[in-house]
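Me: I'm new to reading protein models and I'd like to go through one with you. Can we take it feature by feature?

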Amino acid sequence: MLAKILEVEDTASLQALEGFEFDWSVHTYPQTKIFSAQVQGEIAGLIEFERMSSELYNFMYLIEVSKKFRGTTVAGELLAFIAMDSFQNGFDGFVVFESKTVTYKYYIEKYGAKPLPGRRLHFDSQAAAHLIKTYLEV
């Protein structure tokens with residue numbers, strides 16, 4: 001499905017977005033960026049992350065796919081996008097995030113995430129490259 005991924009400049013437009021559970025109209029922190037995956041002009045998914053330059057990785061705060069697009073490649077495309085951003089910013093593809101208990105094993109099995117202490121997971125260079133090849137290269 002290759003979605004068009006764009007930075008969301010005006011998060012107010014995301015208030016009460018249909019098909020989403022999170023309130024995407026507010027950033028978790030002022031320095032985070034929110035990107036949308038759009039399919040035929042419709043927002044299919046959203047991801048919020050921060051470039052942690054001092055730590056050399058992107059930290060993902062939230063990712064969500066609208067109910068209509070769940071089960072498609074939208075989540076993989078968003079994860080691949082944040083991994084590509086990590087490579088482009090000199091972080092060697094590293095992405096760190098905290099997973100809910102329910103999705104912890106899913107991220108490992110489906111996307112190749114690797115465990116860190118606690119409920120944190122990460123994509124290293126190899127996993128990030130695999131995400132990009134699988135979801136963004138046509």
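This is a predicted model: local features need pLDDT of at least 70, side-chain atom pairs count only at pLDDT 80 or more; totals for chains, interfaces and linings use all residues.

Me: Where does Leu 56 sit, and what is its phi?

Reply: Helices (H or I, at least four residues) and strands (E, at least two) are DSSP runs, numbered from the N terminus. Leu 56 lies in the loop between strand 3 and strand 4. Those two strands make a hairpin with four residues between them, and Leu 56 in the turn has a positive phi of about 65°. Leu 56 isn't a glycine, yet its phi is positive. Asp 92 is another non-glycine residue with a positive phi, near 55°. You'll find Asp 92 in the loop between helix 1 and strand 5, and its 47% relative accessible area makes it partly exposed.

Me: How do I read the pairing of strands, and how many bridges join strand 3 and strand 4?

Reply: Two strands pair if DSSP finds at least two bridges between them. Strand 3 and strand 4 (residues 57-65) are antiparallel, with eight bridges. One spot to look at is Glu 48, whose bridge partner in strand 4 is Leu 62. Strand 2 and strand 3 (residues 42-52) also run antiparallel, joined by seven bridges, and there Phe 35 stands opposite Ile 47 in strand 3. Their hairpin has two residues between the strands, and Gln 40 takes a positive phi near 50° in it.

Me: In what order do the strands line up in the sheet?

Reply: A handy general idea: in a regular strand the side chains alternate between the two faces of the sheet. Here, seven strands form an open sheet in the order 1-2-3-4-5-7-6, with mixed pairing. Strand 1 and strand 6 (114-115) are at the edges with a single partner strand each, so one side of each has no neighbour in the sheet. Further along, strand 5 and strand 7 (residues 120-123) are antiparallel over four bridges, and Val 95 faces Phe 123 in strand 7.

Me: Which residues does Met 52 touch, apart from its neighbours within four places in sequence?

Reply: Contact means heavy atoms within 4.5 Å. By that rule, and leaving aside those neighbours, Met 52 touches Tyr 57, Phe 59 and Phe 91. Met 52 is in strand 3. The C-alpha atoms of Met 52 and Val 95 are 9.6 Å apart, though the two residues are 43 residues apart along the chain.

Me: What about Thr 11: which residues does it touch?

Reply: Not counting residues up to four places away, Thr 11 touches Trp 24, Ser 25, His 27 and Ile 34. Thr 11 belongs to the loop between strand 1 (4-7) and strand 2 (33-39), and its 12% relative accessibility means that it counts as buried.

Me: How many aromatic pairs are there in the whole structure?

Reply: Rings of Phe, Tyr and Trp (its six-membered ring) pair if their centres lie within 6.5 Å; planes under 30 degrees apart count as stacked, over 60 as edge-to-face and the rest as tilted. A search of the whole structure turns up 10 aromatic pairs. Take Phe 22 and Trp 24: their ring centres are 6.2 Å apart and their planes are at 80°, so this pair is edge-to-face. Trp 24 is buried at a relative accessible area of 1%, whereas Phe 22, at 31% relative accessibility, counts as partly exposed. Elsewhere, ring pairs link Phe 97, Tyr 106, Tyr 107, Tyr 111, Phe 123 and Tyr 135 into a cluster.

Note on methods: Residues are numbered from 1 along each chain as its sequence is written. Side-chain values use heavy atoms; hydrogens and water are left out. Buried means under 20% relative accessible area, exposed over 50%, partly exposed in between (1.4 Å probe, protein chains only).
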